[in-house]
Amino acid sequence: VYMWGNNLLALLAERADSYAFYSVNVWMKSLPTFMVAIVSFVVIAVLAWRAGRTYCNTICPVGTVLGFIARYSWLKPVIDSSKCVNCNLCARNCKASCIDVKEHQIDYSRCVACMDCIGKCHKGAIRYIHPSGERVKKTDDRVTGEQIDRARRSFFTATAVLAATAAMKAQEKKVDGGLAVIEDKKIPDRATSLTPPGSLSARHFAQHCTACQLCVSVCPNEVLRPATGLMKLMQPEMSYERGYCRPECTKCAEVCPAGAISPITPADKSAIQIGHAVWIKENCVPLTDGVECGNCARHCPTGAIQMVASEPDSPDSLKIPVVNTERCIGCGACENLCPARPFSAIYVEGHLAHKII
């Protein structure tokens, strides 16, 4: 949203012949992940606004346990209506917003027994005693109806925000020299997904990754992005449409707090094979357009790709790539820099277990 705002200012500044702002590329790494974040933020904000610390009391493990204990405990805070003067001090200082001063009742499903209400009451109208079963039942029945009503409002609010977010789309101008539109690359259909170097294997990565998004946020090459599949929702996955995994970069391994990506050095990374390149003959530029290319071989950091004559009997024929899978580390430089569109003529197939070469 911040970058969209910057691009709007850049558009206005450009029309005013000013270069105070300049457009930046807005990349939605994962629309489902963005929606999850927005919906979570809105729901928490609405619940906090309408019902105090609902998130802390019903979702946070500490608040949930305290609320459960307070709801079924033998001793509970009870308001003595004969002493209460409706000053509202207890309700204003209740962090869980569970006190109804007008009805002289406390919602024990949200009370965390912090005792702040007892300390704030100057009339001694709140005592920590065992309430009658009838009163507790009445309070619980009343709160249940309110909670259902709040859940409905939160659902409709979240739905409205979700619809508004889905309607937003980043506008990008992609042209080659101002003449031809550059077609976006599409993600190839990989039989095995790619996991970052240092993750050891796809199974190890899936078991230890908490989807904290730290590695996604620090990846300078725009290789990591949250997965959208249900089995690995929001866990990072690799793809090379916008960049490739540079052998000298180890930022994802440096920030992983869960051990899903083990710390490695650039030397270690250059020897880890996370996948291997696969050549697609039907997409290769020398064969489709009849011109020399060789981008994949020129930029391969391990020299795993060699250009050979497309016709063995004619050494002067156009050169096509041949991949040495034993030397390939799966960095994706060939896939990213391949000029073929929308699918690269060479792509990286992942390995279930990483190898040291």
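## Salt bridges

R242 and E222 form a salt bridge, with their closest N and O atoms 3.2 Å apart. R242 sits in the loop between β8 (236-238) and α10 (251-255), and E222 in the loop between α9 (214-218) and β7 (224-226), so the pair ties together parts 20 residues apart in sequence. A salt bridge here is a side-chain nitrogen of Lys or Arg within 4 Å of a carboxyl oxygen of Asp or Glu. The whole structure holds 3 of them.

A salt bridge also joins E335 and R190 (3.0 Å, N to O). E335 lies in helix α14 (residues 333-337) and R190 in the loop between β6 (180-181) and α8 (202-208), so parts 145 residues apart in sequence are tied together. Both E335 and R190 are buried, meaning under 20% relative accessible area with a 1.4 Å probe, protein chains only; exposed is over 50%, partly exposed in between.

## Basis of the model

This is a predicted model: local features need pLDDT of at least 70, side-chain atom pairs count only at pLDDT 80 or more, and totals for chains, interfaces and linings use all residues. Residues are numbered from 1 along each chain as its sequence is written, and side-chain values use heavy atoms, leaving out hydrogens and water.

## Overall build

The protein has 14 helices and 12 strands. These are DSSP runs, numbered from the N terminus: helices are H or I, at least four residues, and strands are E, at least two. Of the 357 residues, 39% are buried.

## Helix α1

The buried residues of α1 are W4, N6, N7, A10 and A13. Just after α1, D17 takes a positive phi of about 60°.
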